[in-house]
Amino acid sequence: MSHDTPICDYEGSDYVEFWNGRGYEDSVERVALGRLLPAGGERLIDLGAGFGRLADLYAPFKHVVLMDRAFSQMQEARKRLRGDPHIAFVVADVYALPFAADAADNIISVRMLHHLVDVPKALHEITRVLRGGGTYITEYASKRNLKAMLRYALHRQRENPFSEHPHEFVRLNFDFHPNWMERQLQRAGLRVEARRAISHFRVNALKRTVPTPVLVTADRALQRVGGLWPWTPSIFVRTRKTE
């Protein structure tokens, strides 16, 4: 299936190297995803899986599919995870998922939605592939974060963090308002069950001076309560297909 929607392609990029020095971000994302994931299931699909960074969290699931638009990322994932018989690797994009309807009972997307020009179109495909009652867990970049609010108040940025339209801060990189994002999820037939605010301390000065385990422990303590009115740059949401 072909389409004209622009795609953010990590083909040939050294995404593994990108994560060097980002132990704090990796750890707090693992904490949030670990808390939101079901205890197990038949089939899980990770959309935008990259080099399989989070694949170890999927061990309780019988069948796991790691999918990415970049062939080179899937090659890296296969190299890292060689010998794991319950993992399959698929090269495709989210606007044209190569899976049958109701193919998965769990779908994950972490650091993927913020690259999408057409979120509703992608969510339509995700909902098609997710079985009724299945779980979709996603992470997205929030424009209503504390740093953006402070910068806006001090007239150091033009974009209003309280306006609900998506903001493309560089090409094919978007921040989303939480209210806008949750409306898109609901319109796609996905009911929000839980929310986690993460990366409370994503500040370079803090990451240089405070030990990573200390920051992770503090972030873990704040994730659930922060999800009630998230003001962090990254938000996790667990939803369930309603039909």
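Predicted model: local features only at pLDDT ≥ 70, side-chain atom pairs only at ≥ 80, totals over all residues.
Local features need pLDDT of at least 70, side-chain atom pairs count only at pLDDT 80 or more, and totals for chains, interfaces and linings use all residues. Residues are numbered from 1 along each chain as its sequence is written, and side-chain values use heavy atoms, with hydrogens and water left out.

Start with strand β1, residues 41-47. Helices (H or I, at least four residues) and strands (E, at least two) are DSSP runs, numbered from the N terminus. β1 pairs with β2 (residues 61-68) in the parallel sense, over six bridges. Two strands pair if DSSP finds at least two bridges between them. Arg-43 has His-63 in β2 as its bridge partner. β1 also pairs with β4 (residues 104-109), again in the parallel sense, over four bridges. Here Asp-46 is bridged to Ile-108 of β4.

Next comes helix α3, residues 71-80. Its residues Ser-72, Gln-73, Met-74 and Ala-77 are buried. Buried means under 20% relative accessible area, exposed over 50%, partly exposed in between (1.4 Å probe, protein chains only). The buried residues of α3 pack against α1 (15-18), β2 and β3 (87-91).

Now the helix pair. Two packed helices are described by the angle between their axes and the distance between the axes. For α4 (residues 119-129) and α6 (residues 178-187), the angle is about 40° and the axes are 9 Å apart. Axes are lines fitted to C-alpha atoms, for helices over the stretch in contact, and angles run from 0 to 180 degrees between N-to-C directions. α4 and α6 are therefore oblique to each other; angles under 35 degrees count as roughly parallel, over 145 as roughly antiparallel, 65 to 115 as roughly perpendicular and the rest as oblique. From α4, Val-119, Pro-120 and Leu-123 make the contact (heavy atoms within 4.5 Å). From α6 come Trp-180, Met-181, Gln-184 and Leu-185.

Thr-239 is buried, at a relative accessible area of 0%.

Finally, backbone angles. Most residues other than glycine have a negative phi. Leu-172 has a positive phi of about 60°. Leu-172 lies in the loop between β6 (167-170) and β7 (173-175), and is buried at 6% relative accessible area. Ser-199 has a positive phi near 65°. Ser-199 sits in the loop between β8 (190-198) and α7 (204-209), buried at 1%.
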